[in-house]
Amino acid sequence: MADVVHPVHGEVHRHPAPTSFIRKYVFSTDHKVIGIQYWCLALFAVFVGMGLSLLMRVQLGWPGQEFAFLKTLFPIAAENGTISGELYLSMLTMHGTIMVFFVLTTAPQGGFGNYFLPIQIGAADMAFPVLNMLSFWVTFVALVVLMMSFWVNLINPDDMANVIGPIGGWTGYAPLSALGEKAGPGQGTGVVLWISSIALFCVASLLGALNFITTMLNMRAKGMSLMRLPLTCWAWFTTAVLALLSFPVLLAAGILLLLDHLALTSFFIPGGTYLSGELVKEHAGGSPILWQHLFWFFGHPEVYIAILPGMGLTSHVLATFARKPVFGYRAMVYAIFAIGLLGFFVWGHHMFISGMSPYSAIAFSLVTLTIGVPSAIKTFNWLGTLWGGQIRFTTPMLFAIGFVSLFVSGGITGLFLGQTSIDIPLHDTYFVVGHFHLIMGVAAIFGMFAGTYFWFPKMFGKMMNEGLGKIHFLITFIGVNAIFIPFHVMGMAGAPRRYAGHDKLNYLQSIMPMNRFISWVAFITIAGQLIFLVNLIWSWIKGPKASDNPWEATSLEWTIPSPPPHDNFAGIEPEVHRGPYEYSVPGASKDYLMQTDSEGPVASHGD
Amino acid sequence: MSYRSYILMKETMGKITGVLMFILAVGSVLLFIGQDMLFGKVLWWFPEGISEHSKAIDQQFMWTLVVVGISFTAAQFALGYAVVRFGRKGNTRAVYTHGSNKLEITWTMITAAVFVVLAILGQRVWANLHLNEAPADSARIDVVAQQFQWNFHYPGADGTLGKTEAKYIDDSGLNFVGLDPNDAAGKDDAQLTTLIIPVNRPVELTLKSKDVIHSFFVPALRFKQDSLPGMAIRVHFTATKEGKYEIPCAELCGNLHNNMKSNMIVIPGDEFDQLMAMSEEKFKEQLGALTDRYQY
């Protein structure tokens, strides 16, 4: 197909690939290399985050019990072989921050979005390749700074392995996070580095968001009208808009928090604070609730930043392997917009019991429940896409189906938490932890797994092993449900989150066996992820060669070689003739028509 | 290995995945409403409600559970059915459709109606608790949280809380709440680390914090409210059953967060009045007996 030269748009203007190793693989401006860099960074981060959850499960299942291996790992923070409160909370903070920022925000958008948005719209690269490179490297530095915040005490050689980083959860509520060392261990240098890392991450995300929005609006190939875009592109675009509007708020909040730490300002610290036996005289006049407003004004859109790309990908994969057009394409696009828009007006549902006005809680609650409507529309349309299909159960398809199931399980419990009255007993309990892990954690992770299995052949030119993939799916799907659904009943029993063990509360003795059960399931599920790692490495080295279009899919990335050349379309701009999901078109010679196919029946519109 | 050689295995996977969805739906329903069938008794549920408003919260929870249970089961079963039923058969083509506006409008309207009704119903208890003032005869107690301790400030015989100020706080001198030594109203006040309240009588708490954010949580009361430095948040409720209940801190407040707990002891009203009339020392002497009187 590289020989087809369109009379107007077919000027062959190839961009030669860089030849030096550094420009090719390290400081590359190629969106595909940057996409893989982001994806590798997220892969590293997800295993670190998961390792931390493994250690936390040891503590939660058997609080206070001595384990020799803990003593070896943390000679000071776990000197008796048990995890101290501060070590547990440092791990919890790192787990949350790594997972939310460096996995959920990084892989679906920075990874897959970077790699496939330009290709799916028929462009040779992102609009601003140098900006793209910068946004990755700033993210990289942010991750390094975050890891330093955990091991900050390594700077002091007498204090080796005294692993006490920031203690504040990924939300880092002020004034605890603003007061510095006098508020306890982990609140000094650890928190300063933690905020710095987040601020850097905000800058990187902003650069990325600008690039995504410009690229999608300006660089579409001929014939790629907005309503012919794959739903993945709409999801990445909306995600970028959310990032553009929400990260600056977190950046500002982070800078204010940093100033409270380093410059003795008082944005978040009220007067009359009394800490460790003495009155704090340096601070007065701050608001203890301001941080929460600023954080959640970012934090709630962030939830959608994590999940929207997964939703787009799920639509894409379901259509591909059900061999059916997406049911209600336009409704899907509008639902993404609706979720994105409403996502900016619900931040207060994280704060019902924070001390803000009870009237505003009611307003936030009403808007929160309406955001369930576009989410339900998406679920209905996914079921509609499967209905009447000829489903091919490949590994990416299984993970996409798993995504729908988890999205339902995790989303629907929002109906409890979104109601002010029911939130009173459930707020800050394991019910919330179960809710957001299902929807924002594992549903989004299932989106990433689906994306990896689906696009690996295109990215690396090799097929992944289907048998290993299926075992991985079964273990993971059963495991995450067996872990996170019981969290809900633990929360109903009143188990508070961010506790280094529930053993000290009398009314929670009944959940201790449940905690141990969950820990065992978690160990098995975590071990199951090694199958994924093995599959990745083995397939990359020894996997069978992938053809250009192994899944018989329709979007533009499947019209070019696997892996694609440096300039994607070899200098020839593709021309798009139809929508992205023309499967099983009556009268067509095969059961799919690619977006570039000029012959065959003309597709009807999305509705 | 060609792509097509996986087809046989794929069809089995469809059935397995479908069955998993069915198991997930049934298993979750059993976990929520069938624990007595599975284990012979209910192991994990809300503790028995002991406040006037707890019944209404539990009822709203149950209504929501019905809506959620039905939607959840229906969605998981539909998904399971679809993957079992619509697996690939030979070279048959799938149904070619881009959707149906009629269906989109129908399910949008139905979900919107159900969600909005739930949202409105869900505000009732909240409004009663938070939009109304505490009744005039409420017992008034200040709650002053600090890293890793709850302090309760009782008004004493005069029924008036003495003035407090941060500059008077002296933890080593046991003036945890910062009671003004020059204020006459504070002379008969008591500071304890246990919350004692009367049964069947409204209680108004004023929640404060000396350092960082804490959260006052009593699961059996169905009550939770953050207490923040620099703010005084007034809340009220009525406990309806005598007993001893734990008060964990529900907002991450530092390294020993999970050690921060106190007891709330609900006692008969006349006994509460007697305690209030006692001097601080006498009040404190009664504490051991009261704590031992009730089991958790």
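Which domains does the domain assignment give for chain B? In this predicted model, the assignment divides chain B into domain 1 (1-86), domain 2 (99-132) and domain 3 (136-293). The C-alpha centres of domain 2 of chain B and domain 3 of chain B are 38 Å apart.

## The contact between the chains

Chain B meets chain A through a contact to which chain B contributes 98 residues and chain A contributes 110 residues. On the side of chain B that touches chain A, the elements giving two or more residues are α1 (7-33), α3 (54-85), α4 (101-121), α5 (124-130), β6 (214-218), β7 (223-227) and β9 (243-248) of chain B. Of these, α3(B) gives the most, with 14 residues. Sorted by class, this side of chain B holds 53 nonpolar, 28 polar and 17 charged residues.

Two packed helices are described by the angle between their axes and the distance between the axes.

The crossing in which α2(A) passes α6(A) is left-handed. From α2(A), the residues that take part are His31(A), Ile34(A), Gln37(A), Tyr38(A), Leu41(A) and Ala45(A), and they meet Pro129(A), Asn132(A), Met133(A), Phe136(A), Thr139(A), Phe140(A) and Leu143(A) in α6(A). By class, this contact of α2(A) with α6(A) has 9 nonpolar and 4 polar residues, and no charged residues.

## Two open sheets in chain B

One open sheet of chain B has 5 strands in the order β3-β2-β1-β5-β8, with mixed pairing. Its edge strands are β3 (190-192) and β8 (233-238) of chain B, each of which pairs on one side only. On average, and with direction ignored, neighbouring strands of this sheet are turned by 25 degrees against each other. Strand β2 (residues 149-154) of chain B runs antiparallel to β3(B) and is joined to it by 3 bridges; within this pairing, His153(B) has Gln191(B) in β3(B) as its bridge partner.

A second open sheet of chain B has 3 strands in the order β4-β10-β9, and its pairing is also mixed. Because β4 (195-198) and β9 of chain B stand at the edges with a single partner strand each, one side of each is left without a neighbour in the sheet. Between β9(B) and strand β10 (residues 261-267) of chain B there are 6 bridges, and the two strands run antiparallel. Glu246(B) has Asn263(B) in β10(B) as its bridge partner.

Helix α6 (residues 269-277) of chain B lies across β4 and β10 of chain B and runs at about 130 degrees to β4(B). Helix α7 (residues 280-293) of chain B lies across β4, β9 and β10 of chain B, and its direction makes an angle of about 85 degrees with β10(B).

## Backbone details

Where are the cis peptide bonds described here? In chain A, a cis peptide bond joins Ser562(A) and Pro563(A), with omega about -10 degrees, and Pro563(A) lies in the segment after α18 (512-542) of chain A. In chain B, the peptide bond from Gln147(B) to Phe148(B) is cis, with omega near 5 degrees, and Phe148(B) lies in the loop between β1 (139-146) and β2 of chain B. The segment after α18 of chain A also holds Glu552(A), which has a positive phi of about 55 degrees although it is not a glycine.

Key. Residues are numbered from 1 along each chain as its sequence is written. Chains are lettered from A and ligands numbered from 1 in the order in which they are written. This is a predicted model: local features need pLDDT of at least 70, side-chain atom pairs count only at pLDDT 80 or more; totals for chains, interfaces and linings use all residues. Two residues are in contact if their C-beta atoms, placed from the backbone, lie within 7 Å. Helices (H or I, at least four residues) and strands (E, at least two) are DSSP runs, numbered from the N terminus. Ala, Val, Leu, Ile, Met, Phe, Trp, Tyr, Cys and Pro count as nonpolar, Asp, Glu, Lys and Arg as charged, and the others, Gly among them, as polar. Domain bounds come from an automatic or database domain assignment. A crossing is left-handed if the near helix is turned anticlockwise from the far one by less than a right angle, and right-handed if clockwise. Two strands pair if DSSP finds at least two bridges between them. Axes are lines fitted to C-alpha atoms, for helices over the stretch in contact, and angles run from 0 to 180 degrees between N-to-C directions.
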